[in-house]
Each structure stands twice: as structure tokens, then as C-alpha cells.
Amino acid sequence: MSPAVRITAADKTYANGVRALLPVDLSVSAGEFVTLLGPSGCGKSTLLNMVAGLLLPSSGSVIVADGMRTAFVFQEATLMPWARVAANVRLPLDLQGIARAQADSRVEAALALVGLSKFAQARPRELSGGMRMRASIARALVTTPGLLLMDEPFGALDEITRNRLDDELLRLRAEHKLTVLFVTHSIHEAVYLSDRVIVMAARPGRIVDEIAITPDVSRDDAYRVSTGFASYARRLQDALLAASVEADEALA
Amino acid sequence: MLRRAFPALLMGTAVLVLWQWWVTAFDIPPFLVPSPRLVVATLVNDWSLLGGSLLVTLKVTFLSLVCAVLLGVAIAFAFVQSRWIESAFFPYAVLLQVTPIVAIAPLIIIWVQSPTLSLVICATIVAIFPVISNTTLGLRSVNPGLARLFRMNGATRWQTLIRLRVPSALPYFFGGLRVASGLALIGAVVAEFVAGTGGTGSGLAYQILQAGYQLNIPRMFAALVLIAATGVALFVLMGALSGWALGGWHESALPTAEDAA
């Protein structure tokens, strides 16, 4: 089976000469949950934006499988403050020119998925940060994407809300057989969510390691405190540390 | 609302009472400073004259405000469509803004035959700038995340304009409208003064001029009161309009913690 995303020797150098990303090879299988983990400036968002088609690689190629619909969830909820939650979620359908009646039923379904049915007529400012992020996820899911790209979506939330949304994301991903490419700088979130973690380092941005996460228990609260979880977290932390020491030595 | 207005009302009443007392106690002649009661009496007695003038001034103010909004918004749309258009025309909009209207008004009044039209043109020139600059700024002040979202979903230029730029610009537009409504009144009165000096006119400024010639100071005060009241009414009206349009989502239209207390 061909991969959902295939990145071949893609790199990014900005017009001002800054090398955001050294050539990168990465392929993501359909249904896989892959996390890009690394410090600020490691090019993880650059890579994600290239997959989204928002940025072009300076050289190399980024190919998303034919017919794979893509949806993007930003770091901020980025909702339109003047529009009600339902209208915000309906936006992608409105822009595609989908008939109102059909769009409304899809919006209803998407809001039900994230548990916001009761808040369809609320304004974004009336929602908590976690609820806004759920609305943002509903807006991504309403287009029934195959590939979900998420750029530190829960980074601004408190830990309890974040853990709950992590669980919801895993459930949605299983129910809809989503392929997910997820960006985070949280080691624990990476271990909890991912099938595979790509460890990246900064200055210049590059991939330094790749660790498959295959826990023998189900991913739930008990998993968070299991020794398996801790050892994965340890391996990721070591990989990140090794990369940053290397970078510091290169600077010195 | 009433509780917030209370200090201002108390202050105003105190000044009026003090004024009335001072004029009576020191026997100030009404052709120098009329008492508040005399001003009110003049307002009532001369209402047939002043009321008509008020209508004339109101008509010019509203027409010029409408023109300023329609033209100003159209110009702002043109500016955001192309940087070239903006760089070509914006300096002249500034030129229009910084040239005092009293200096241009005589020319316009000579050129344009219809008195109402010439006054409306003058007042529009005064009022249009804040509409242009605020609306342009607003149309450009789009949340970059939302702009990216629109782009990712393949929004057309038109969809982005209507669904993203216009709603984002509304708070800025209403800020400009509030300033423009005051300026439209000022522009109308100033233009009437210029026209009135030339012997034509029938608005409130003309009444002030005439009352000045005749040393009818109470009537002058009465006309002044009407102009001030019109300005306040416009300000309140625009505030209400803005609250209605932005109600429920924009910070400027939301109740503050102080209101709730």
C-alpha cells in the first residue's frame, strides 16, 4: 500500500538565507499517528506546513496520496469571533459551496463528535479554551479528512484539559481511521498519542532519531504512569538531549 | 446606564444653577450673557425659526455623513484591492484632510450652484477621512490564522472579502463612523458659516451669524444649544448602532466588569 504522505529529500531555506530544515525523508502510512517532536526552531512546523501545501520545499518533494483530504488544526483555535460555533464549523463547507441543508447536518454530526452539540449557537468568546479547541477540531473533521495535520493544538491548554483532549483525539482517530501528523514539544503527549515519534533538533532543523511507540497496554490513564510509558519518555528525552548537546558543541 | 450618567447630570445641573444665580445676582445684561431660563424661553419662542434651521443643518449633516460613508468605504475597498491604488491616492486623501475646510469652502460655494449640494460637499470632505483610514486599516487587520484557514480551504478572493475582511473591519469602521458623524456636523456648520457670510443660508450657523449682527445673544445661545445637542445625539446614535452591529462578539460592545458591579 502506498503511504499517505511521502516526503523525499525536502528541505527549506528561506529567502534571507536561514536554513529552516535540512533535507528530510519521511513517509507516513495510512492510519498511522506520527508525531514530530522537538524544540522551537527545529523545523517541525515548517515540515507540517509543507505537507499542508502552505509552504513549498526549496528542493525535494512532498507528496500526499491521491484523494487524501487534508485538514489542519492550528495552535490557536482561530475561530471567527463574530460567528456562532455552528457557523464556524460550517465554514469549510460554505467555502466549498456545499448546500446549506447538507452542510448543517454534517456540522451537527461534527459537533456531536467533539461533544459540543449544546453549544452550536454559542459565540466563541463564551467557550472555555478547551471547548474552543474542540470547535476547531470539529471544523477540521467536518470535511471528513483522511489526513489530519495538527500544529501543537493543545499547547495552550491546562494539563487536565489537554489530557482529556488527547483521549478524545485517540478515540476520533480510531473511529475515523485517520492518519495524523502531529506536532508537539511535549514528550509525554508524544508518547501517549503516537505510533511513531520523529525526534528533531534545531539550528539547523533536522531529523535526528525515530522511535516507534508500541505499548503492550491500552492507551489510558494507567498507561500514563506505567513503566513502559516512562521508558519511552526516557528514550525520547535522551534523544532530544543528545541532539541539543551536539548542536551546542557545533556552535562552540 | 442612569447610574453612570448621574455624575455628569449632577455636574451640568450645578453649573446651570450657578449660572442662573450669577446672572441674576450681578445683574448681567442679557446681551452679554443670557440666563439659562432666557435661553430656554428663546428656544421655545423662536422655535419656528430655529426649528427650521435645525432641520436644514440636520439634512446637510446626514446627507454628508451618508456620502462620506458610501464614498469612504468604496475608496477603502479600492485601497485594499491594490497597493498601487492606495499609494497613488492616499496622499491626496491626506491633503484633503489637512487643508482647512474654511479655506476650500468659498471655492466650492462659488462653483456649485445648489446651496445644499455645496454644503454637503464641504461637510463630506471634512467627514470622509476617518471612514477611509479606519475602514482600510480594518480590512487589512485580519487574523493571520483565519487568513491561512481561508486559503487552505480554497476560498476565492470574493469569499475572503465578504466572509473575513468585512466582518474583521466592522469594529474599525464603526470607530471611524463615530468620529465622522461629529465631523459631518462640524463640516456642515463651518460651511454654513462661509455661505452665511456671503448672505445665503438658512441653517443654524446662519442663525448664529444673524443673531450676532443683531446682538440677539439669547438666540445665539439657543442655536448653540441646538448644535451641541445634535452633536451629542449623533454620538449616542452611532454608539448604539455600533453596539447593535458588534453586540455579542466584539470587546468594545461587551459589558465591562464595572457595568456588572
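Helices (H or I, at least four residues) and strands (E, at least two) are DSSP runs that are numbered from the N terminus, and two residues are in contact if their C-beta atoms, placed from the backbone, lie within 7 Å. Residues are numbered from 1 along each chain as its sequence is written, with chains lettered from A and ligands numbered from 1 in the order in which they are written. This is a predicted model, in which local features need pLDDT of at least 70 and side-chain atom pairs count only at pLDDT 80 or more, while totals for chains, interfaces and linings use all residues.

The secondary structure of chain A comprises 8 helices and 9 strands. Its radius of gyration, taken over C-alpha atoms, is 19 Å, close to the 18 Å that the globule rule (2.2 Å times the number of residues to the power 0.38) gives for 252 residues, so chain A is as compact as a globular protein of that length.

| Property of chain A | Value |
|---|---|
| Box filled by the C-alpha atoms, along the principal axes | roughly 60 × 45 × 40 Å |
| Residues that count as buried (20 or more other C-beta atoms within 10 Å of their own, C-beta atoms being placed from the backbone) | 41% of 252 residues |
| Contacts with a separation of 6 or more that join residues 24 or more positions apart | 70% |

Within chain A, 3 strands form an open antiparallel sheet in the order β2-β1-β4, where two strands pair if DSSP finds at least two bridges between them. The edge strands, each pairing on one side only, are β2 (19-28) and β4 (59-64) of chain A, and neighbouring strands of the sheet are turned by 20° against each other on average, direction ignored. Strand β1 (residues 5-13) of chain A pairs with β4(A) in the antiparallel sense over 5 bridges, and A:Val5 stands opposite A:Val64 in β4(A).

Helix α1 (residues 44-52) of chain A lies across β1, β2 and β4 of chain A and runs at about 60° to β2(A), with axes being lines fitted to C-alpha atoms, for helices over the stretch in contact, and angles running from 0 to 180 degrees between N-to-C directions. This helix is mostly covered, since 8 of its 9 residues are buried, among them A:Lys44, A:Leu47 and A:Met50. Just after α1(A), A:Gly53 takes a positive phi of about 85°.

Between the chains, 13 residues of chain B are in contact with 13 residues of chain A. On the side of chain B that touches chain A, the elements giving two or more residues are α7 (144-152) and α8 (157-197) of chain B, and α7(B) provides the largest share, 5 residues.

Conventions
A residue is buried if 20 or more other C-beta atoms lie within 10 Å of its own, exposed if 12 or fewer, and partly exposed in between; C-beta atoms are placed from the backbone.
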